[in-house]
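I opened the notebook to go through this model from overall make-up to single residues. I start with the pockets.

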Amino acid sequence: MSSKSGPHHNIWTGEEQRRTPRVNVGSSVPRREKGYTLVALLALMTVLALFAAAAAPSIRHQAQREREVETIFRGEQVAAAIRVYYSYRQGRSRVGDPATNLPASIDQLLEGIPVGTKKVQILRPSAARDPLSDSGEWRLIRPRSSELADFQRSLMLFAGNVQPATNDPQLKQVESVMAPPVMPTLGIATAGASSSGDDGSTGPFIGVASRSRTDSIIHYYGISRQTEWIFTPLFR
């Protein structure tokens with residue numbers, strides 16, 4: 001009996017399913033969308049990489065600047081501790097050479113000075129570390145050293161050929177003994193003959209400097225190299 005006539009012409013016979021072409025719904029459209037998503041993700045990653053590359057120098061610049069600020073902060077604390085240590089020792093000593101009353105190591109500054117039955121801290125442990133050098137150790141600046149003379153010359157040039165005064169009365173009395181003479185000539189400060197600096201870790205020292213030889217971002221009294229920054233109670 002034919003499905004096209006008679007009372008049963010609406011009965012489904014399954015022939016329509018065999019004749020109807022099958023459509024793969026999940027083939028082309030989602031695959032195309034996945035491709036667009038991948039391209040967009042790659043573009044976003046490229047943009048982020050470009051932003052990171054552009055920001056890297058600024059980040060390094062800011063990080064170095066912060067380390068230099070911290071170095072100056074700690075160096076000034078060491079200079080203040082040297083002043084307190086020398087003042088204490090000089091007031092109780094009759095030794096002819098004032099340099100013998102200077103600290104001989106950073107550890108002596110960390111130990112503090114005795115007051116009655118106790119010791120008073122004059123240097124924080126964090127200030128005993130140099131933030132700019134890999135070792136973290138300060139370079140000790142000896143009295144009458146050429147490094148101190150160079151620093152004094154830089155101070156004079158920065159101040160218009162005027163030597164900054166040492167305010168501490170005890171150190172002011174021995175400034176000419178602690179520091180080599182520096183004479184201004186025709187607008188240029190010239191250092192006199194002096195002994196070379198000592199890079200050892202012990203021995204009388206009048207200041208400290210960083211071991212880093214990197215060019216600085218901050219100019220400390222007009223000085224643009226980190227290793228030439230000297231933190232001393234003299235000339236202040």
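I need one term first: a pocket is an open set of grid points with protein on both sides within 12 Å along at least five of seven lines. The model is predicted, and I read it as such.

**Entry 1: the largest pocket**

I looked up its volume, which is about 220 Å³. I then asked which of the 13 lining residues are closest to the centre of the largest pocket. They are Ile106, Asp107, Ala128, Glu137 and Trp138. Helix 3, residues 106-111, gives the most to this lining, with 3 residues. I sorted the lining by class and got 5 nonpolar, 4 polar and 4 charged residues.

**Entry 2: the second largest pocket**

The second largest pocket has a volume of about 170 Å³. I noted its lining: Arg139, Glu147, Asp150, Phe151, Ser154, Arg213, Ile223, Thr227, Glu228 and Ile230. By class, 3 of these are nonpolar, 2 polar and 5 charged. Which helix gives the most to this lining? Helix 4, residues 146-158, does, with 4 residues.

**Entry 3: Gln152**

I stayed with helix 4, where Gln152 is found. Is Gln152 buried or exposed? The relative accessible area of Gln152 is 3%, so I log this residue as buried; the cut-off for buried is under 20%. I then left aside neighbours within four places in sequence and listed what Gln152 contacts. The partners are Gln163, Ala179, Pro180, Val182 and Phe235.

I found an open sheet of 3 strands, in the order 3-6-9, with antiparallel pairing. I checked the joint between strand 3 and strand 6 (residues 207-209): 3 bridges, antiparallel. Arg139 stands opposite Ala209 of strand 6. As a reminder to myself, strands of a sheet pair through backbone hydrogen bonds.

**Entry 4: the hairpin**

Strand 7 (residues 215-220) and strand 8 (residues 223-225) pair antiparallel over 2 bridges. I looked for the bridge partner of Tyr220 and found Ile223, in strand 8. The two strands form a hairpin with 2 residues between them. In the turn, Tyr221 has a positive phi of about 50°.

**Entry 5: Val69**

I moved to helix 2, residues 28-90, which holds Val69. I log Val69 as partly exposed, because its relative accessible area is 45%; that class lies between 20% and 50%. How far apart are Val69 and Ile217 in sequence and in space? They are 148 residues apart along the chain and 9.9 Å apart, C-alpha to C-alpha.

**Entry 6: the whole chain**

I count 6 helices and 9 strands in the protein. Of the 236 residues, 33% are buried. The exposed surface comes to about 14,600 Å², with 57% of it from carbon and sulfur atoms. I also took the contacts between residues at least 6 apart in sequence: 71% of them join residues at least 24 apart.

Key. Residues numbered from 1 in each chain as written. Predicted model: local features only at pLDDT ≥ 70, side-chain atom pairs only at ≥ 80, totals over all residues. Heavy atoms only, no water. Buried < 20%, exposed > 50% of the residue type's maximum accessible area, 1.4 Å probe, protein only. Contact = heavy atoms within 4.5 Å. Areas by Shrake-Rupley, 256 points an atom, 1.4 Å probe, with all protein chains shown as cover. Pairing = 2+ DSSP bridges. 1 Å grid on protein atoms, 1.4 Å probe; cavity = no way out; pocket = protein on both sides within 12 Å on 5 of 7 lines; lining within 4 Å. Points joined across faces, edges and corners; volume = space filled by probe spheres on them. Nonpolar A, V, L, I, M, F, W, Y, C, P; charged D, E, K, R; others polar.
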